[in-house]
Amino acid sequence: QAQLVESGGDSVQAGGSLRLSCAASGSIDTSYSMAWFRQDPGREREGVASRNKYGTTNYAENVKGRFTISRDIAKNALYLEMNSLNPEDTAMYYCAATKTILPSYRAYDPTAYDYWGQGTQVTVSS
């Protein structure tokens with residue numbers, strides 16, 4: 001019943017921008033905390049940005065100032081606006097959700113999230 005579906009991934013040149021979307025349905029509603037993770041070949045899955053039900057956000061140090069996470073209550077959707085993209089941002093991006101309100105030190109712990117989307121590919125060329 002619960003489902004997360006990502007979209008918006010594309011191939012862009014360095015310095016470009018993209019906006020990723022995550023559509024939530026089923027039991028997943030705005031009371032859930034949500035986050036974006038990414039992973040590319042040879043690297044572990046890493047947290048990118050998160051947002052809880054109260055609007056508290058967290059960003060990975062290497063994306064802070066370039067990426068912005070937001071939620072649309074009416075559409076029950078999560079977004080990730082990415083600016084000033086560079087080749088290091090190339091990865092499969094995943095949307096995740098959990099009913100638990102997480103402290104900052106657990107915001108990027110993959111085991112804390114119960115639901116995951118299938119991912120959307122972002123490729124940045126130099």
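Q: What counts as a salt bridge, and how many are there by this rule?
A: A salt bridge is a side-chain nitrogen of Lys or Arg within 4 Å of a carboxyl oxygen of Asp or Glu. This is a predicted model, and by that rule the count in it comes to 6 salt bridges.

Q: Which salt bridge joins Glu46 to an arginine, and at what N to O distance?
A: One case is Glu46 with Arg38, whose side chains meet at 2.8 Å, N to O. Glu46 also forms a salt bridge with Arg43, at 3.6 Å, N to O.

Q: Is Arg38 buried or exposed?
A: Residues under 20% relative accessible area are called buried. Arg38 is buried because its relative accessibility is 4%.

Q: Which residue does Asp40 meet in a salt bridge?
A: The side chain of Asp40 meets that of Arg43, with 3.7 Å from N to O. Asp40 is partly exposed, because its relative accessibility is 22%. Arg43 has a relative accessible area of 48%, so Arg43 is partly exposed too.

Q: Which residues are linked in a network of salt bridges?
A: Salt bridges can be read as links between residues, and here they connect Arg38, Asp40, Arg43, Glu46, Arg66 and Asp89 in a network.

Q: How many cavities of 30 Å³ or more does the structure hold?
A: The structure holds 1 cavity of that size. The space in the largest cavity is about 40 Å³.

Q: Which residues line the largest cavity?
A: The lining consists of Arg38, Gln39, Asp40, Arg43, Glu44, Glu46, Glu88, Thr90 and Ala91. Sorted by kind, the lining residues are 6 charged, 2 polar and 1 nonpolar. Among them are Arg38, Asp40, Arg43 and Glu46, which also belong to the salt-bridge network.

Q: How many disulfides does a search of the whole structure find, and which residues does a disulfide join?
A: The search finds 1 disulfide. The disulfide joins Cys22 to Cys95, with 2.1 Å from S to S. The two cysteines are 73 residues apart and link distant parts of the chain: Cys22 is in strand β3 (residues 18-25) and Cys95 in strand β9 (residues 91-98).

Q: Is the link of Cys22 and Cys95 left-handed or right-handed?
A: Handedness is read from the angle about the S-S bond, which is -80° here, and the link is left-handed. Both Cys22 and Cys95 are buried.

Q: How do strands β4 and β5 run, and how many bridges join them?
A: Strand β4 (residues 33-39) and strand β5 (residues 46-51) run antiparallel and are joined by 5 bridges. For example, Trp36 has Ala49 in β5 as its bridge partner.

Q: What is found between the strands in the hairpin of β4 and β5?
A: This hairpin has 6 residues between the strands, and Gly42 takes a positive phi near 85° there.

Q: Which strand pairs with β5 over 3 bridges?
A: Strand β6 (residues 57-59) pairs with β5 in the antiparallel sense over 3 bridges. Ala49 has Tyr59 in β6 as its bridge partner, and Ala49 is also the partner of Trp36.

Q: How many residues lie between β5 and β6 in their hairpin?
A: There are 5 residues between these strands, and Gly55 in the turn has a positive phi of about 95°.

Q: Where do side chains point in a regular strand?
A: As a general idea, they alternate between the two faces of the sheet.

Methods:
Residues numbered from 1 in each chain as written. Predicted model: local features only at pLDDT ≥ 70, side-chain atom pairs only at ≥ 80, totals over all residues. Heavy atoms only, no water. Buried < 20%, exposed > 50% of the residue type's maximum accessible area, 1.4 Å probe, protein only. 1 Å grid on protein atoms, 1.4 Å probe; cavity = no way out; pocket = protein on both sides within 12 Å on 5 of 7 lines; lining within 4 Å. Points joined across faces, edges and corners; volume = space filled by probe spheres on them. Nonpolar A, V, L, I, M, F, W, Y, C, P; charged D, E, K, R; others polar. Disulfide = S-S within 2.5 Å. Helix = DSSP H or I, 4+ residues; strand = E, 2+ residues; numbered from the N terminus. Pairing = 2+ DSSP bridges.
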